[in-house]
Amino acid sequence: MRRKERECNDPAFFARLFEEAEVMTLAFQAEEAPYVIPVNFVFLDGALYFHCAREGRKLDCLKQAPGVGFSVHEVIAIDREKATTLYKSLCGTGKASCVVDMEEKSRALAALAEKYKSRCTLPVPEKTLKSTEVVKIAIASLSGKSNPPQGKEKN
């Protein structure tokens, strides 16, 4: 990292940003070029989870190569006078897999519903569990970066 003073590798920084951010950008390995897509997500028990349809390009990519990259960020403000952005961000890599354990799947979907204050029926109905794919990302690496407003701590 070029700007070492902005580096943030405190697990509390990662946990707060995972909780605050609403969108995670995922990068999948695809045949001709990376496939990048934003998803809703939740950080639960040290892993990342998102849900999707039971078929589609994301799952096709995962079947070919389970390695993914991801990025999460929060823009605090644009400081036009200083020509800079105030932000918190993290990037990481991991291995994605479809969740097969129904209890884990239910916990992940309930955590997603709670994070996004969804009006979903809880506990998650069995029909929903069967018709929804839940993908778990086991985190392999994380790096964080922050440019906070003056006088504020970076975590």
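Student: What share of the contacts in the protein with a separation of 6 or more comes from residues 24 or more positions apart?

Tutor: A contact means heavy atoms within 4.5 Å. In this predicted model, residues 24 or more positions apart account for 73% of the contacts with a separation of 6 or more. As to conventions, residues are numbered from 1 along each chain as its sequence is written, and side-chain values use heavy atoms, with hydrogens and water left out. Local features need pLDDT of at least 70 and side-chain atom pairs count only at pLDDT 80 or more, whereas totals for chains, interfaces and linings use all residues.

Student: How many helices and strands are there in the protein?

Tutor: Helices (H or I, at least four residues) and strands (E, at least two) are DSSP runs, numbered from the N terminus. The protein has four helices and eight strands, in the order β-α-β-β-β-β-α-β-β-α-α-β along the sequence.

Student: How is the span of helix α3 to be read, and what does α3 pack against?

Tutor: The expected span of a helix is 1.5 Å times one less than its number of residues. Helix α3, residues 102–115, has 14 residues and reaches 20 Å from its first C-alpha to its last, close to the expected 20 Å. Buried means under 20% relative accessible area, exposed over 50%, and partly exposed in between (1.4 Å probe, protein chains only). Among the buried residues of α3 are Leu 109, Leu 112 and Ala 113. The buried residues of α3 pack against β4 (42–44), β5 (47–52), α4 (126–131) and β8 (133–147).

Student: Which residues lie nearest the centre of the largest pocket?

Tutor: Rolling a probe the size of a water molecule over the atoms shows where empty space is left. The largest pocket is lined by 14 residues, and His 51, Leu 109, Leu 112, Ala 113 and Cys 120 lie nearest its centre. Helix α3 gives the most to this lining, with three residues. Leu 109, Leu 112 and Ala 113 were named above as buried residues of α3.

Methods: On a 1 Å grid over the protein atoms alone, a cavity is a set of points where a 1.4 Å probe fits but cannot get out, and a pocket is an open set with protein on both sides within 12 Å along at least five of seven lines; lining residues have an atom within 4 Å of a point.
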